[in-house]
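Keep the sequence at hand as you read.

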Amino acid sequence: MAEKKVDVLIIGSGHTGGMAAKILTEKGISCTMLDAGPMINWERDRTLKPASQLPYRGFDAPGRLPHVWQSSEFSANQWVDEKVIPYNYPAGQQYNWVRVRTVGGRSPYWGRQSFRLSDYEFKCKDHDGFGENWPISLKDLAPFYSRVEDIFQVVGDMDNLPQYPDGNFVKEDTPRSAAMQRFADAGKKMGVPVTKPRSSRGRDGMAASLNLLIPDAVATGRLTTIPNAIVRKITTDKNTGLADGVIFIDRHSHREMTMKARIVIVAAGTLETTRLLMISEICNSSGLLGHHLCDQIYGAGIAASVPEARNGKGTRAVIGGGGLIPRFRNLETKTPGFMRGYAVNVSSGNLDPRWFPEYGPALQKKLEEYGGSGFTTNIMGETLGHYENHVSLNKQVVDAWGMPTLTISTKYGANEDNMAKDMVDTTAAMAEAAGFEVLVKNYKFNPPGYSIHEQGTARMNDDKRKGVVNQWNQSHDIKNLFITDASVFPCAGWQNPTMTMLALAMRASEYLADEMKKGNV
Amino acid sequence: MKRRDFVKGLAVTTAAAGTALAHASKTSASTETLDQAAAATQATAQTDARAQRARQMASFHTPNIPVSQPDVVAVTEQRYFTAARWATLVRFSDLVMPAGDGYPSATQAGAPEFLDFLIGASPADRQQMYNTGLDRLEADCHKKSGVSFAKSSAQQADGAIRPYLKGWINDHPPTEPHEHFIAMIHRDVRQATMNSPAWATAAEVAGERTPGVGLYVSPIDPGMGTWVNHGATRAASTTAPAAAKPAHS
């Protein structure tokens, strides 16, 4: 069969690959989307089962996914097995790389918290001197956020806080329970805002590329989707230096194939994108490809009990519902010990037996008494994308398809330690002021990668010496190559990155469509 | 789809007819009188039958045959822990999860046997944590009460357990080694008990909701692990790199 040149080749079908496919095909441009994993058949591949019917009673096979702390025996088959695609890290610098390889990427599994970044993030260097500003501001991205929020049906309240920009929300009108109101009141006295959560409702129980983006592209008749296609190299034209296609390997047979393309969009997920660019030996004239890796710390927090909800009195009026404390540190004042800030997820109602230093009948009695009175806070803290936090290729260790793997060298420091301590002490004080019984305080946080919010390593900057892509997600080195995932983020912020990834992918795709129309790319 | 089936059927027909003719040509002189047209017709009929059978099997619906967990009729063979550690584990299990309200105790649910299997199959650091921890429980009980943990009263056992019980949240059990062990074994015994078939049966008898139900993901097309396990090979190049060719060529 004669080799055909596709208009736009999209590598990856998660949130940003799906968004690029939707926008471009709706503008009349043909796209071919490759995904390294299989197509999902949700009905066939997933079923409700009790743990008692699983071979390991819910524990999963020992040692199977040591770095995927989110995994259980129920979900183990959905994650990438690190024996198939290994990675490593220097001794003492654990990194939990959590990956999915199926059409739709990680998009079916995200937490759905839906936030905009504010200019405290976009103009972070102006604010505190660390890192680099983004080449865009909230004003540039706001119209795209609005459209993304509409597609994803983000439910939320207007809070009128500059660090927590409002958006195009489905109104959240559930009244607060008395416990949550008391916690919010306690926060107000301490200068800590407690808002309602914001999250994507999606459609039909899902808010993923799989159901909200890709079907729209399919409906245009201009999308070709190829699963099980593992791109091992982006190829370039020797004369022009432009990207001219890819070489990919069929996952099943290991058959190697080439594909030619006019435009290449890389949307493989932060570290897979950077790995592919490194293997392809492109997009690194700045020397910054692979650097400034950042994410958010999770895991620190408190567990408490709301006294009036005990002994079966925890009605919805008394307790229940969640909340969010958006960043409040280092905005107009300076907090000693750490830069940037954290947000806090707040939830109420559920209880966990691990909170109690009891066992046997005494524990059972506690659970009966305290049942339904639980209250927790959990940190989402911005980590700093130091230059030293980086990834590099490990050619000595290859994956199941012969591709070099990644060495991930990153670690947290005093900034994260002090941030977590401040969060635990502050929310414990708020809970006590609200009359709750604090049962556990945990200052420890999870290793880098755990939040599945890896960002950076191909950051955005209009100066080609300081970044890999420009403000349109376009490679400085290769004008017909765009990167749409979170690898382009110059800083992490405290926010779940999904809304920003989607808005940037939408904006970049519209720019690309215009440039194609003008004949500029 | 119909067209594809037709093409496939055509290919099978051709192959089958070819085989039949080849077979005929190898037989004795009497085959010369064989009506080749009849043979072809017969082969076509066989092919149609095969295609029909394949279609029938493709549309077959699996009958509903209820299946049971092996624990309903069999017990797990205990083989990993030493006798002393096993005795400590059994005693600990029934202290933290005694029977009550129609639900089985940890031992009635086979939790110690399950953990013997699980820990025996676990990475070395987890085995070490369990072995050291069980030994420590035994040593502490002897030191405080002068009896083996396995034969201790509830009060004597409590003296060895309670000082190391700590509340914890998220993925962060206590870091002090023995506190960590107590947190882990406590969690594991509870889970092995409450996720057991015996516990599920008790819930059913009590008319309560089936416990521990979750969304199970099957291996997907055909499972990421397959590629490592079966060692699929990659075709070697015969056109490029000289290194791939014999040195003497």
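## Strands side by side

A:Ser392 stands opposite A:Thr407, a residue of β18(A). The model is predicted. Strand β18 of chain A covers residues 404–409, and β17(A) pairs with it in the antiparallel sense. There are 6 bridges in this pairing.

These strands belong to an open sheet of 3 strands. The order in chain A is β4-β18-β17, and the pairing is mixed. Which strands form the edges? They are β4 (87–88) and β17 (390–398) of chain A. Each of them pairs on one side only.

## A buried pair

Now turn to the charged side chains. How many salt bridges are there over all chains? The count is 36.

Take A:Glu121 and A:Arg327, which form a salt bridge. Their closest N and O atoms are 3.7 Å apart. A:Glu121 sits in helix α3 (residues 119–122) of chain A, while A:Arg327 sits in the loop between β14 (322–325) and β15 (342–349) of chain A, so this pair ties together parts that are 206 residues apart in sequence.

## Helix to helix

A:Arg147 and A:Glu510 meet in a salt bridge, with 2.5 Å from N to O. This pair links distant parts of the chain. A:Arg147 lies in helix α5 (residues 138–152) of chain A, and A:Glu510 lies in helix α12 (residues 498–518) of chain A. The two residues are 363 residues apart.

A:Glu510 has a relative accessible area of 17%. Buried means under 20%, so A:Glu510 is buried.

## Strand to loop, and a network

The side chains of A:Glu382 and A:Arg340 also meet in a salt bridge, at 2.8 Å from N to O. A:Glu382 belongs to strand β16 (residues 374–382) of chain A, and A:Arg340 to the loop between β14 and β15 of chain A, so the pair ties together parts that are 42 residues apart in sequence. Both A:Glu382 and A:Arg340 are buried.

Some salt bridges share partners. In this way A:Arg101, A:Glu272, A:Arg275 and A:Asp399 are joined into one network.

Technical notes:
Residues are numbered from 1 along each chain as its sequence is written. Chains are lettered from A and ligands numbered from 1 in the order in which they are written. This is a predicted model: local features need pLDDT of at least 70, side-chain atom pairs count only at pLDDT 80 or more; totals for chains, interfaces and linings use all residues. Side-chain values use heavy atoms; hydrogens and water are left out. A salt bridge is a side-chain nitrogen of Lys or Arg within 4 Å of a carboxyl oxygen of Asp or Glu. Helices (H or I, at least four residues) and strands (E, at least two) are DSSP runs, numbered from the N terminus. Buried means under 20% relative accessible area, exposed over 50%, partly exposed in between (1.4 Å probe, protein chains only). Two strands pair if DSSP finds at least two bridges between them.
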